[in-house]
Amino acid sequence: MSGEEGRERRTYEALIERARGLGRVPTAVAHPCDEHSITAAIEAAAASLIEPILVGPTRKMQAAAAKAGLDLRGMRIVDQPHSHAAAAKAVELVRLGEAELLMKGSLHTDELIHEVTLSGTGLRTSRRISHVYIMDVPTYRKPLAVTDGAINIAPTLEDKLDICQNAIDLAHALGISRPKVAILSAVETVTSKIPSTVDAAALCKMADRGQITGAQLEGPLAMDTAINADAARAKGLDSPVAGDADILIAPDLEAGNILAKQLTFLAGAEAAGIVLGARVPIILTSRADSVRTRMASCAVAVLLVHARRKASAAAPMD
C-alpha cells in the first residue's frame, strides 16, 4: 500500500470503525428503488452502521434488490405507492421517533428536501438546512469539509452563519474540538466590489462576538491561502487557519459544487455527503460513490446521532 493509499484508508476507515462500535441507528430510507440505493442501505446495515426501514413501492424495491443479488428478508418494509409518498412517509417516521436518520434513495434530492422543509409536517429547526461534503483528498493531509455545494444557491449573510455553525458542529462530532474554518473568496482583502469578502469579514466578527462558536474563523481567504501554508506565508498571512483549514465555506452553491467536483475528478478525492440543520442528519449518496464513500456518509451520520444523544443526556434537567 502506498503512503497516499494508506492516508486515504485512515481517513474514512477510522470514521467507519468508530461508528461501527456505537450500534446501528434506525434509518428511514426514502424510495430505494434502484440497485445503487438499495445496495447502499443493505451494505450499511451489513457494516453495523444503520438499521434500515425501506420506504417505497415494495415490488420495485424487491426487484432492485434481486437485480443487485441482495436479500431483503428480515428488513422492515413500509409500502408506499411512489417517490413522493415515500419521501413524506420517511419524514413522518422520523417525526414519530421511529427513525433517527433519513437516507435518500433513488428519488430526486429536491423531492426529499421539499418534504423535510414543509412547515408543520417537515423536520425544520431554527437552523438553515445546509449540505457538507466530508472529503478525502489524496493531496491534503487531513479530512476537508466543503460547504455548501448542494442546497443553498445564493446564501445571505444570515444563511452563511448557519452554514458555518452546522459544519462546525459536524466537525465536533467527528472529534475535531476546535476546527479551522476558512471563508473563501477570490482575494484576501475586503472590498465592496466582491460581496463575498464583506460577508467573510462579517462572519469573522460574528465569531468574535460569540454568534458563531466552537471554531477559529479566518476570511476572506483565497483557495490557495486556505489550504497551502507556503502560499499563506508568501502573502504575509499570520493566522492559524491559513494553510491549515478543516472547513471551507464557499461563497455560493456554484462555487462549492465546482470546488467539490474539481477535487473529486481532478485530484482523485472522495466525497461523503450529509445534510445538516434538520431535526436529524440526512444521508445523501450518489451513483458515482465508491462503497467506502457510501459507508463514510453513513458513518458520519451515525457519529452525529451519537454526539446528539450524548449532548442530550448531559443537558441539565428543568
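I began with strand S8, residues 216-221, and found Pro 220 in it. The peptide bond joining Gly 219 and Pro 220 is cis, with omega about 0°. I note here that the model is a predicted one.

I then looked up another cis peptide bond, between Thr 147 and Asp 148, where omega is about -5°. Asp 148 sits in the loop that runs between strand S6 (144-147) and H6. I wrote both bonds down because most peptide bonds are trans.

**Positive phi**

His 31 belongs to the loop between S1 and helix H2 (35-46). Its relative accessibility is 10%, under the 20% limit, so I count His 31 as buried.

Ser 48 also has a positive phi, near 65°. I located Ser 48 in the loop between H2 and strand S2 (50-56). With a relative accessible area of 27%, Ser 48 is partly exposed.

**Helix H6**

I next checked the length of helix H6, residues 157-173. At 1.5 Å a residue, its 17 residues should span 24 Å, and the end C-alpha atoms are 25 Å apart, which agrees. Is H6 largely enclosed or open? I found 13 of its 17 residues buried, so H6 is largely enclosed by the rest of the structure. After H6 comes Gly 175, with a positive phi near 95°.

I turned to strand S4, residues 101-104, and found both of its faces covered. Leu 101 and Met 103 are buried on one side, and Leu 102 and Lys 104 are buried on the other.

S4 pairs with strand S1 (residues 25-30) in the parallel sense, over four bridges. In this pairing I see Ala 30 opposite Lys 104. S4 also runs parallel to strand S11 (residues 282-284), joined to S11 by two bridges. There Met 103 stands opposite Ile 283.

**Cysteines**

How many disulfides are there? I count zero. For Cys 204, the closest cysteine sulfur is that of Cys 164, 8.4 Å away; a disulfide needs the sulfurs within 2.5 Å, so this is too far for a bond. Cys 204 has 14% relative accessibility and counts as buried. Cys 298 is in no disulfide either, and the nearest cysteine sulfur, in Cys 33, is 17 Å away. Cys 298 is buried, at a relative accessible area of 0%.

I looked up the largest pocket and noted a volume of about 660 Å³. Its lining has 26 residues, and those nearest its centre are Tyr 133, Lys 261, Ala 271, Ser 286 and Asp 289. Helix H5 (109-117), strand S5 (130-136), helix H10 (253-266) and strand S10 (270-276) each give two or more residues to this lining. H10 has the largest share, with six residues. Sorted by class, I list eleven nonpolar, ten polar and five charged residues in the lining of the largest pocket.

The second largest pocket has a volume of about 310 Å³. It is lined by 15 residues, and Asp 169, Ala 173, Leu 304, Ala 307 and Arg 308 lie nearest its centre. The elements giving two or more residues to it are H6 and helix H11 (291-314). By class I list seven nonpolar, four polar and four charged residues in the lining of the second largest pocket.

Notes
Residues are numbered from 1 along each chain as its sequence is written. This is a predicted model: local features need pLDDT of at least 70, side-chain atom pairs count only at pLDDT 80 or more; totals for chains, interfaces and linings use all residues. Side-chain values use heavy atoms; hydrogens and water are left out. The expected span of a helix is 1.5 Å times one less than its number of residues. Buried means under 20% relative accessible area, exposed over 50%, partly exposed in between (1.4 Å probe, protein chains only). On a 1 Å grid over the protein atoms alone, a cavity is a set of points where a 1.4 Å probe fits but cannot get out, and a pocket is an open set with protein on both sides within 12 Å along at least five of seven lines; lining residues have an atom within 4 Å of a point. Grid points are joined across faces, edges and corners, and a volume is the space filled by probe spheres set on the points. Ala, Val, Leu, Ile, Met, Phe, Trp, Tyr, Cys and Pro count as nonpolar, Asp, Glu, Lys and Arg as charged, and the others, Gly among them, as polar. Two strands pair if DSSP finds at least two bridges between them.
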